[in-house]
Each structure stands twice: as structure tokens, then as C-alpha cells.
Amino acid sequence: MSELLSSFGLGGVVTPERVFGLFRAVLTLGVGLFLARLLSLGIGKAAEARFGRQRAVLIRRFSYYLLFALVVATALQQLGFHLGVLLGAAGVLTVAVGFASQTSASNLISGLFLIIERPFSVGDVITVEGVTGEVLSIDLLSVKLRTFDNLYVRMPNESVIKSKVTNFTHFPIRRADLEIGVAYKEDLARVEEILRATADANPLCLDEPEPLFIFRGFGASAVEMQFSVWSKRENFLDMRNSMWREIKVAFDAEGIEIPFPHVSLYAGTATTPIPVRVEK
Amino acid sequence: MSGTWWGEFRVEEGVTRYWQVGPLRLWATRQPEEWQLATESTADNLANEVAAAVEPPTQPGPDARTARFGFRSSPKAIRLAPATADRPVVVKAASPFFIPAGEELSLFVSTALWLQVRVDGSTDLLYETPFHRPSDTWFGSSTREGELCYAAKIAIRHRLESVPRRPHRAISVVRIRNRAATQLELERLKLPSPVLSLYGCEDGSIWTESVTLERREEGENAMVTLGRGAPRAADNARKIAGPRQHVEPGILSRTFGGLFGRTGARNHERVAE
């Protein structure tokens with residue numbers, strides 16, 4: 001074989017040892033990657049049982065990359081590279097990459113903390129930085145949300161960690177605060193009675209915790225009050241809609257007036273009457 | 001209240017049979033390959049009437065719920081039976097009631113029932129609906145954890161005679177034993193309806209087995225034990241429905257409920273609102 005290689009003028013560069021080494025390296029790479037994949041899948045499966053799907057995916061990826069790095073390092077050794085030199089180069093590269101990828105690193109670390117802290121999980125409904133939606137996934141660098149008008153929003157983990165997150169699906173029951181105003185002439189005790197009776201008649205409105213009646217004060221147009229009612233979280237919208245409807249019906253039936261501000265129209269600076277034309 | 005409404009009823013093809021049990025009206029029509037059901041519930045939970053007719057006196061209104069079931073050949077008979085609520089029921093005391101340490105007594109509660117419809121030849125449930133949809137309520141020490149239950153509109157009664165007899169409600173005898181060293185303030189109790197069976201009497205009254213709540217220590221937990229068979233107060237009762245869920249006898253659970261009692265989220269609300 002050396003004659004064949006010499007005839008191509010590669011006698012010095014490509015020696016049988018080197019070819020052998022290349023062959024071994026390729027073999028190591030091939031077998032190693034295959035084993036790395038198998039092992040990481042196995043670790044992933046074991047982690048799923050223990051840590052849940054989200055974390056298991058991360059653990060599987062992390063272990064695969066670790067094994068991948070080991071396999072490549074071994075393959076490179078087969079080729080004759082010295083690992084020390086490699087690590088030195090890697091060190092310099094890391095610093096350079098680190099400076100360049102500060103945001104991504106921050107997102108990565110934030111992601112890890114999110115997974116550990118668990119303020120919300122996949123499937124929860126959250127509001128973060130003004131965006132409300134269902135959590136589709138919590139990934140390495142970002143959280144993916146689906147808004148209720150079916151838009152896809154990518155929230156960097158960094159901003160999730162830094163800002164206030166409201167989780168709508170953490171607690172099982174929720175309170176609806178209904179702001180109501182009634183005319184000054186109304187008997188407030190009677191109004192409270194009517195509101196409580198309406199809540200009582202509504203099956204979605206929880207008996208306990210009891211509805212809360214709060215008198216807010218004497219407003220500009222009306223006497224202002226707040227009537228807070230609880231419902232099972234899933235029934236929140238239905239309960240609130242039905243309560244508003246039923247309160248209006250009850251007020252109309254009892255003759256309770258809900259005032260609203262009126263606007264006076266003036267026709268320009270001169271106060272002449274606004275012309276009206278009657279058509280038959 | 002007059003007589004039992006549950007049982008098996010044979011219906012000819014093309015015929016609509018009608019029942020009224022308390023606030024609920026049911027129309028059942030048999031066709032060659034179909035059964036059609038319609039139910040309508042009035043808001044009047046105190047309605048007492050029981051009626052059954054082969055010719056419906058009225059037709060279902062626009063708010064009636066309807067359901068149609070297809071069969072290769074529609075079964076000849078329909079079976080009506082009551083069922084307990086599918087969640088525990090919270091019953092409140094009308095006024096503050098205390099049971100001193102070491103004392104025991106019996107109380108009586110009336111809880112909502114569901115109507116279950118099955119067809120001849122099958123034990124599968126075809127259709128079910130409450131006679132009157134009870135109100136949801138939360139039973140727990142805080143708004144963060146607890147259980148969603150139904151609220152019984154009829155308060156705890158201290159004498160059996162004062163329990164209203166209704167064809168669409170079940171009567172339960174609850175024996176409370178306070179074995180703890182302190183007095184028990186009974187504001188409300190949670191009846192584990194899904195694990196109770198139903199027994200019917202000839203006069204149309206429906207009973208569950210008796211329930212014993214034994215408070216052994218400070219706090220709101222009690223050992224719940226169920227009686228075997230119909231309670232003594234039910235004359236000649238026959239079992240007409242089994243429990244929705246089977247559970248081990250003697251369950252320790254939060255039963256009395258100091259829901260937002262002297263401590264709890266309620267006080268926080270009062271401070272900050």
C-alpha cells in the first residue's frame with residue numbers, strides 16, 4: 001500500500017499509522033455517537049419517571065451533549081491530537097463565546113431556575129409582560145405561549161424571571177369583583193339583599209366563600225359598591241356573565257336604577273337651539 | 001307526597017310517557033330504533049308533586065334538555081332510579097350549635113338527588129340529571145386547597161319530624177360523637193354523598209344509610225363510619241340504588257369544616273379591601 005500512496009506523492013503525509021488512526025477515529029465516532037444516543041435515551045426515560053417530562057427532556061439533551069463531547073475528544077485522541085492543547089483552545093473559545101452570548105446564557109440560567117422553582121407548568125394560563133396565554137412549553141431559552149386569539153408568543157426566560165408572572169390556573173377557585181353603581185335614591189340595604197339573593201340563586205356562584213359586599217363610596221353619578229362572588233376556576237367566565245345578566249334582570253324587576261353619566265350638547269359657542277327636522 | 005316514582009316502566013313504540021317528580025319533569029318517548037328523553041326543571045326546590053301519566057299533560061318547553069339514544073331495536077322498558085349527588089354535600093347549621101366534649105347525638109339532613117335513567121336489559125347509565133341543580137360550594141380551610149362540593153339549601157334538623165319529606169331528596173341520619181376533650185362548634189358538616197346507598201320506602205321517602213361522625217381529637221377531622229342497610233327510622237325500606245363510589249369503611253377526613261372560622265383568608269380580606 002505504501003507504494004500506491006507514494007505514487008500519488010502522499011508518501012510522507014499519509015502513513016499506514018495515520019490511516020489506521022483515522023479509521024479508528026471514524027469507528028470510535030460512529031459507535032460512540034450511537035452509544036451516546038442509546039444511553040441518553042435511557043437516562044431520559046429513567047428521569048421521566050422521577051422528574052416529569054419537562055425536566056427529563058432537558059436531562060436527556062444534557063447527557064447526550066456530554067457524551068457527544070467525550071466521544072469527539074476520544075476520536076480526536078485517536079487521530080493523534082493532544083487533549084491538553086485542545087482544552088486550552090476550548091478555554092479561549094469559551095471566554096470569547098461567553099462574552100458574545102451573555103443574553104443567551106442569562107436566558108439559559110433563567111430557564112434552569114424556572115424549571116427548579118416551578119411558578120407555572122406546561123398547560124397553565126399565565127400573564128407575563130402584558131401577554132396572556134396558555135404555556136405550550138418551557139424551553140432552554142424561552143417560554144412559548146399561545147394567546148387566546150391563537151397567536152404564538154415567545155417569551156425569553158430572562159424577562160419571565162425578571163418580571164411579575166400571574167398564574168391563573170394555580171388555585172382552584174376564583175373571585176369575580178363586580179363593580180356596581182346604583183342611583184342615590186335607592187335603599188342600599190335592599191340593594192345588598194337583592195344582590196345576595198341573585199348570587200344564591202346562581203348555582204355556579206359558590207355558597208362558600210360567601211359573596212362579599214363592599215360599599216365603595218359616593219361617586220359622581222352613583223353610589224358605588226363592589227359585589228364579589230366566587231366560583232370554580234373553570235366556571236369563572238360563565239359565572240360572571242350569568243351574574244351580570246341576572247343582576248340586571250333583578251334590578252329591572254325591583255325598579256333599581258343604574259345611573260350613567262349624561263352628556264349635554266351645545267351647538268358651538270352661541271347657545272342657539274339645535275335644529276330638528278321632523279319627517280313623516 | 002304520594003308513593004314511589006322509581007321502578008321499571010314498559011313503553012309501547014310511538015308512545016310518550018311523562019313523569020313529574022318534585023321540580024323535575026321527564027318525557028320519555030320510545031321509537032323503533034330510538035329512545036328520546038326530555039327533562040325540564042323548575043326553580044322551585046320545594047315542589048312536592050309526584051305524577052306519572054301515559055299521555056303527557058304538557059309538552060317540553062324551549063328550555064328543556066333533550067337527548068336521543070339510538071338502538072338496533074329499542075328496549076321495551078325504561079328504568080328510573082334516584083342516585084346520590086356526585087360530590088359531597090355541605091349542610092349548614094341554621095344557628096350556632098355546640099356539642100360539648102364527650103356528648104353524642106343524632107342530626108338529620110336532607111340532600112339533593114339525581115335522576116338516573118336506564119333501559120331494560122342493561123345496567124349502563126343512559127342519562128342522568130339532578131332534580132334541581134344544587135349550588136356549588138367550596139369546603140376547605142382556605143381558598144388555596146379544599147374540595148368542590150354542593151351546598152344543601154335545607155339546614156341541619158334536630159328532630160326527624162321536622163325534616164321535610166320530598167320525593168327528590170334523601171334523608172340521612174347523622175350521628176355525631178364528640179370524643180375529643182373540647183367542645184365542637186357545629187357550623188357545617190360535609191356529607192360524603194357519593195359513597196352512600198339509597199333505600200326507598202313505600203310512602204315514597206328516600207333514605208341513605210346512617211352516617212356516624214366521630215371526632216376523636218382537636219380540630220375538624222372525624223372518623224366517618226357508614227351504617228349497614230337502611231336506618232331504623234325508615235319503615236320497610238328496600239335498597240334502590242348503590243353508591244357511586246366504593247370506599248373503605250372508616251375514612252378519616254375533614255368533615256366538620258371550620259371554613260374561614262376564626263382564622264383564615266376571610267380575615268385578610270376584611271383588612272385589605
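I'll start with chain B, where strand β8, residues 89-99, pairs with β14 in the antiparallel sense over seven bridges. Within that pairing, B:Ile99 has B:Leu184 of β14 as its bridge partner. Keep in mind that this is a predicted model.

The two strands belong to an open sheet of four, in the order β11-β12-β8-β14 of chain B, and the pairing in the sheet is mixed. At the edges stand β11 (135-139) and β14 (184-191), each with a single partner strand, so one side of each has no neighbour in the sheet. On average, neighbouring strands here are turned by 45° against each other, direction ignored.

Strand β8 also takes us to the other chain. What does B:Lys92 meet in a salt bridge? Its partner is the side chain of A:Glu208, at 3.4 Å, N to O. B:Lys92 lies in β8 of chain B and A:Glu208 in the loop between α7 and β7 of chain A, so this pair joins two chains. B:Lys92 is partly exposed, with a relative accessible area of 27%, while A:Glu208 is buried at 5%.

A second pair crosses between the chains. B:Lys153 forms a salt bridge with A:Asp207, with the closest N and O atoms 3.5 Å apart. B:Lys153 sits in the loop between β12 and β13 of chain B, and A:Asp207 in the loop between α7 and β7 of chain A. A:Asp207 has a relative accessible area of 15%, and because buried means under 20%, it counts as buried. B:Lys153, at 41%, is partly exposed.

Within chain A, A:Glu257 and A:Lys185 form a salt bridge, their closest N and O atoms being 3.9 Å apart. This one links distant parts of the chain, 72 residues apart: A:Glu257 is in the segment after α8, and A:Lys185 in the loop between β6 and α7. Over all chains, the search finds 29 salt bridges. In chain B, B:Glu104, B:Arg175, B:Arg177, B:Arg179, B:Glu214 and B:Arg216 are linked in a network of them.

Last, the cavities. There are two of 30 Å³ or more.

Technical notes:
Residues are numbered from 1 along each chain as its sequence is written. Chains are lettered from A and ligands numbered from 1 in the order in which they are written. This is a predicted model: local features need pLDDT of at least 70, side-chain atom pairs count only at pLDDT 80 or more; totals for chains, interfaces and linings use all residues. Side-chain values use heavy atoms; hydrogens and water are left out. Two strands pair if DSSP finds at least two bridges between them. Axes are lines fitted to C-alpha atoms, for helices over the stretch in contact, and angles run from 0 to 180 degrees between N-to-C directions. On a 1 Å grid over the protein atoms alone, a cavity is a set of points where a 1.4 Å probe fits but cannot get out, and a pocket is an open set with protein on both sides within 12 Å along at least five of seven lines; lining residues have an atom within 4 Å of a point. Grid points are joined across faces, edges and corners, and a volume is the space filled by probe spheres set on the points. A salt bridge is a side-chain nitrogen of Lys or Arg within 4 Å of a carboxyl oxygen of Asp or Glu. Buried means under 20% relative accessible area, exposed over 50%, partly exposed in between (1.4 Å probe, protein chains only).
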